[in-house]
Amino acid sequence: MSRMLAPACALAAFVMMAAFVMMAATAGSALAQQSPPSASAAATPPYGPPITLEQAKRAMAAAELEAAKNSWQVAITILDSGGNMVMFHKVDNTQLASIGASEGKASTAIRFKRPSKALDDAIAAGGAGLRLLAVKDITPLEGGLPVVVDGKIIGAIGVSGALSSQDAQVAKAGADALGR
């Protein structure tokens with residue numbers, strides 16, 4: 001029996017090694033075909049002073065109004081430029097899982113200086129984007145946005161509880177309230 005097992009193991013190891021070499025070659029050619037990021041994609045706004053309580057109240061009011069207008073039960077988190085919570089509201093009857101998800105989306109947006117949807121898209125595209133799955137404590141779901149005022153990131157807003165695109169719509173209403 002062991003005489004038959006040794007060749008079978010050797011064959012299995014050879015097949016696995018060949019598959020690994022093929023995967024590595026395919027991944028390498030796929031990466032080589034990707035174009036380098038454009039200068040505008042690489043340039044993200046710098047962090048600025050933390051969002052003030054008054055600014056957070058304006059952003060929260062606009063986000064809550066958008067959610068109420070559409071009857072969406074959501075949780076809304078606003079973080080400052082250091083990633084610290086400034087404000088949190090949960091609409092009545094919002095699922096409890098949305099609490100952590102809204103904070104995670106805001107944290108992801110502030111830490112990566114971009115909408116959380118960018119990470120969602122990168123993972124969905126596969127390939128090199130899958131490496132984001134190794135990053136600790138990210139929430140790569142649409143609904144988190146950096147809050148930018150005067151060209152600087154002063155905080156982030158994260159929304160969860162509706163469809164991801166609806167969460168993003170509520171977050172955008174909040175972030176846009178400070179651009180006026």
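Start at K69. It is exposed, with a relative accessible area of 59%; exposed means over 50%, buried under 20%, and partly exposed in between, with a 1.4 Å probe and protein chains only. This is a predicted model, where local features need pLDDT of at least 70 and side-chain atom pairs count only at pLDDT 80 or more, while totals for chains, interfaces and linings use all residues. Residues are numbered from 1 along each chain as its sequence is written, and side-chain values use heavy atoms, with hydrogens and water left out.

**Stop 1: the K69 pair**

The term stands for a side-chain nitrogen of Lys or Arg within 4 Å of a carboxyl oxygen of Asp or Glu. E66 counts as buried, at 12% relative accessibility. Both residues lie in helix 3, 3 residues apart, about one turn of the helix. Helices (H or I, at least four residues) and strands (E, at least two) are DSSP runs, numbered from the N terminus.

**Stop 2: two further salt bridges**

The structure holds 5 salt bridges. Select D167 and K105 for another: their side chains meet at 2.8 Å, N to O. D167 belongs to helix 6 and K105 to helix 4, so the pair ties together parts that are 62 residues apart in sequence. Are these two residues buried or exposed? D167 is buried, with a relative accessible area of 1%. K105 is buried too, with 2%.

Stay on helix 6 and pick K172 and D176. Their side chains form a salt bridge of 2.5 Å, N to O. They sit 4 residues apart in helix 6, about one helical turn. K172 is partly exposed at 45%, and D176 is partly exposed at 36%.

**Stop 3**

Two strands pair if DSSP finds at least two bridges between them.

Zoom in on strand 3 and strand 4 (residues 152–160). They run antiparallel, joined by 6 bridges. Find L145: opposite it, in strand 4, stands I157.

**Stop 3: helices on the sheet**

Select helix 4 (residues 97–112).

**Stop 4: the cores**

Which residues touch the most other members of the largest nonpolar core? Select I76, I78, I157, V159, V170 and L178, out of 21 residues. A nonpolar core is a set of buried Ala, Val, Leu, Ile, Met, Phe, Trp, Tyr and Cys residues joined through side-chain atoms within 4.5 Å. Helix 3 (53–69), strand 1, strand 3, strand 4 and helix 6 each supply at least two residues. Helix 3 gives the most, with 5 residues.

Centre on I76. Leaving aside neighbours within four places in sequence, its contacts (heavy atoms within 4.5 Å) include M60, F88, I157 and V170. Finish at a second, separate core of 6 residues, including L79, A109, I110 and A156.
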